[in-house]
Amino acid sequence: MRYQTALALIMSVAIGGITAIPLHASETDANRCVNVINHTVERLEQSLAERTAKTVTIIDRLLQAGRFEAAAAAARDCISASRTDVRAANLYINRMANACVRH
């Protein structure tokens, strides 16, 4: 749920930046900016979903084996890696939106 909220926030910031594109910018340029940002968000969403699914499988196996600490560690690692990816995507989207607005 947190990642869906983070994605929604990233998209609202990105779209807010794109809608601020000056009127003299071509529609093609604006579409290109939106497409790059959308592609970034889609890749992030796919990456988070894949990582989460793999981690859930690992956690289930660890819990069945009675390795509770290892399961908790796997969950922490997944969360940490996901946060890193969200931050990186956020920075990229902000740079892209700013470049589009400047253009």
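Cys 78 counts as buried, because its relative accessibility is 11% and buried means under 20% relative accessible area, with exposed over 50% and partly exposed in between (1.4 Å probe, protein chains only). The structure to which this residue belongs is a predicted model, in which local features need pLDDT of at least 70 and side-chain atom pairs count only at pLDDT 80 or more, while totals for chains, interfaces and linings use all residues. Residues are numbered from 1 along each chain as its sequence is written, and side-chain values use heavy atoms, with hydrogens and water left out.

The mean pLDDT of the protein, where pLDDT is the predictor's confidence in each residue on a scale from 0 to 100, is 83, and 74% of the residues reach 70 or more. Confidence is lowest in helix α1 (residues 2-19), with a mean of 56, and highest in α3, with a mean of 94; helices here are DSSP runs of H or I with at least four residues, numbered from the N terminus. Where pLDDT is low, the predicted coordinates should not be read in detail.

Cys 33 lies in helix α2 and Cys 100 in helix α3 (residues 68-102), so the pair ties together parts that are 67 residues apart in sequence. The link of Cys 33 and Cys 100 is left-handed, with -105° about the S-S bond, and both Cys 33 and Cys 100 are buried.

A search of the whole structure also finds 1 salt bridge, a term for a side-chain nitrogen of Lys or Arg within 4 Å of a carboxyl oxygen of Asp or Glu. Its partners are Arg 51 and Asp 85, whose closest N and O atoms are 2.6 Å apart, and this pair links distant parts of the chain, since Arg 51 is in helix α2 and Asp 85 in helix α3, 34 residues apart. Arg 51 counts as partly exposed because its relative accessibility is 22%, and Asp 85 is likewise partly exposed, with a relative accessible area of 24%.

Finally, Thr 40 has its place in helix α2 (residues 27-64), and this residue is buried because its relative accessible area is 7%. Leaving aside neighbours within four places in sequence, Thr 40 is in contact (heavy atoms within 4.5 Å) with Ala 89, Tyr 92 and Ile 93.

Methods. Helix = DSSP H or I, 4+ residues; strand = E, 2+ residues; numbered from the N terminus. Disulfide = S-S within 2.5 Å.
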